[in-house]
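Me: I've got a model open and want to go through it with you piece by piece. Can you set the ground rules before we start?

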Amino acid sequence: MTTQVMREAHGSGRWAWGAVLAVLASSSLCAGAPASAAAGVPYDAREAEVGVSGTHFVDGYGREVVLRGFNVSGETKLAEYGGLPFAGVEDARKSARALRELGGANSVRFLLSWAAAEPVRGQVDEVYLSRATAQMREFLAVGLRVYPDFHQDLFSRYVFDKDSWYSGDGAPRWVVQAGGYPRESCGICVHWGQNITQNQTVKSAMRDFWVNRNGVQDAFLDTAQATMTYLAGHLDATEFAGIAGFDPYNEPYAGQYASGEDGAPWEQGRLWPFYEKFRARMDAAGWQGKAALVEPNMFWNSNLSFMKQPGGLGGVGTLGPRYVFNTHFYDQARMSGFFNLSKAKDGEYAADFNSVRDRSTALNAPALVSEFGHPLTGTSSDKAPSVVKGQYQALDSGLGGRTWWQNPAAAGPVLSATQWQWDIYSGRHHEVMNGNPGKIRTVGDAWNDEDLSAVRLDGSGAPVLRQDARLLDRLYPSAVAGHALAFLYEDRSRDSGSLMTWNQIPSAMPELTGLVGTELPYGVLVWRGAAGASAPTELHLPAGFDPARTTVVSDLGAVTGPGTTGAIAVVPEPGGTSARRILLSGAAEGLHFALVSAAPATAEQRAAVQRELARWAAAAF
């Protein structure tokens, strides 16, 4: 199909970066540091760049990169702003700054709508693409990496009637009309997700996409290519460097399997060929250096045994550097409000997330958990603090807090992830559900009774968190000059006012126990340095850490209240916001460690902890 582009007058514009890029200068680093490290690291295309090396993301300096952030946003599922995450650029700017400063993010999964991008078959709406690009640019401007996602749930809103109990998002109206589907019905469904396997109309529409009935998959690929071409042509070089890749299809499912088929052969015969076609479209659009962030059968890792299906891209071979293994995880048992009524505990999700690590290793590709989280209202919302803490713990390490110190070498890689979701309009929507003026949805996410946004606007219109800041704005190794061996972060977040401390420091480390105390958060990174590293190791420093009182104890030095220069420094994150990061410079080849604590310490305490950590690290690694 030849794509006819509707060329409507709409200025594309480009934003100057000079005013918003922080150029960080540091000097007087410890002896032996490479000259370029001693000069500090400006935020440039090399730092913004995200590539793939084996099972790791890497930046232009060759550092291992961990992507952390949020989905922006569920608003794209709604009709109220025409399939865009925001009403306009000003709201996008407000959201982006808050995501950096309140959420501690360095990346976002940016949702796009196929229905809005191609409302008429063969006609890509450049006005929509222009507005989406302008909003996306605001996130790039504050130093966030962005990966777009053509989102879908239940295939399309147009599958559903005005009086339907549920709604969807994704495909345009013309796709559903071409299918000639009967009136939908989910039968006895208590959750929108049951439509995926119980609503025959939804299942048929999904099946038709994968078999390319009426050429609808070809049409989607044409629109995706046109979208990527537009982005490549309308973002400047530094902005485009911050595009981390593209998520081709959210939560893929066969709809209906062929006779004798299950998830594994469907992935091999239908899903993977689609991804290869999408990869070719990326190349044709000028995205040769960007990864396709490919998702497996959505039920491959369900924690409800009767929902779990074969999958995980196990039969497609290794992926190589042009793909990323991209998956989701929700605690469906606890979300149900029925199958598990307990709160999550230490190490709860280690096995679930280690299965993601195992797939990453088998596929020889980085892993990305592009959705996770838990409802903040409803029957299971009391589980949210412990569930989300447990999910972040398992992203940071494959070990629970009780055993981490005894065997840190088994912790596995730190996983990249984006929490669902970051919607500043939470509780303020005005969504006409399925076009029915008698069904105006305002509360929560305004979509199928979901409520997972970590943010909302207060009475003055300022973004505020809906979850504990200690839980969301986290310490994490955003860039490691070398290879990360182990990481933990004890956030000491609260559950209904009760402090949750899951990490247990051994009794053989009394100096460390005394320094970190019982109330304030702390983290530990162990890594092996790389020869000739030209940029420092970096950790995001949460806003709750007062730089003047923050203690860093490392083999590179030990200090409370790091300055802006030296082997251990605190400097702004890129992008001109108040977010901060720790730079650890001058690390040669060999084993290195760093404790970061929100608690101040005396010189004597720091020296004692440094000796204790050095003995522990030498023995453990």
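Reply: Helices (H or I, at least four residues) and strands (E, at least two) are DSSP runs, numbered from the N terminus. This is a predicted model, so local features need pLDDT of at least 70 and side-chain atom pairs count only at pLDDT 80 or more, while totals for chains, interfaces and linings use all residues. Residues are numbered from 1 along each chain as its sequence is written, and side-chain values use heavy atoms, with hydrogens and water left out.

Me: How many helices and strands are there in the protein?

Reply: The C-alpha trace spans about 75 × 50 × 50 Å along the principal axes. Of the 621 residues, 61% are buried (under 20% relative accessible area; exposed is over 50%, partly exposed in between, with a 1.4 Å probe and protein chains only). The protein's secondary structure comes to 17 helices and 28 strands.

Me: Which element gives the largest share of the lining of the largest pocket?

Reply: A pocket here is an open set of points on a 1 Å grid over the protein atoms alone, where a 1.4 Å probe fits, with protein on both sides within 12 Å along at least five of seven lines; lining residues have an atom within 4 Å of a point. Two or more lining residues come from each of helix H7 (195–198), strand S11 (323–328) and helix H12 (332–335). The largest share is three residues, and these come from H7.

Me: How much space lies in that largest pocket?

Reply: Its lining counts 50 residues, with His 191, Trp 192, Gly 193, Gln 332 and Met 335 nearest the centre. By class, 21 of them are nonpolar, 19 polar and ten charged (Asp, Glu, Lys and Arg are charged; Ala, Val, Leu, Ile, Met, Phe, Trp, Tyr, Cys and Pro are nonpolar; the others, Gly among them, are polar). Volume is the space filled by probe spheres set on the grid points, which are joined across faces, edges and corners. For the largest pocket this gives about 1300 Å³.

Me: And the second largest pocket: how many charged residues are in its lining?

Reply: The second largest pocket holds about 310 Å³ of space. It is lined by 20 residues, and Leu 78, Ala 79, Ala 115, Arg 157 and Tyr 158 are the closest to its centre. Eight of the lining residues are nonpolar and eight are polar, and the charged ones number four.

Me: Which residue in S27 is the bridge partner of Leu 541?

Reply: Strand S23 (residues 537–541) and strand S27 (residues 580–584) run antiparallel and are joined by five bridges. Within that pairing, Leu 539 has Ile 582 as its partner. For Leu 541, the partner is Arg 580.

Me: Which residue stands opposite His 540 on the S18 side?

Reply: Strand S18 (residues 476–480) pairs with S23 over two bridges, again in the antiparallel sense. The residue opposite His 540 is Tyr 476.

Me: How many residues of S23 are buried?

Reply: On one side of S23, Thr 537, Leu 539 and Leu 541 are buried, and on the other so are Glu 538 and His 540. The strand is therefore largely enclosed by the rest of the structure, its buried count being five of five.

Technical notes:
Two strands pair if DSSP finds at least two bridges between them.
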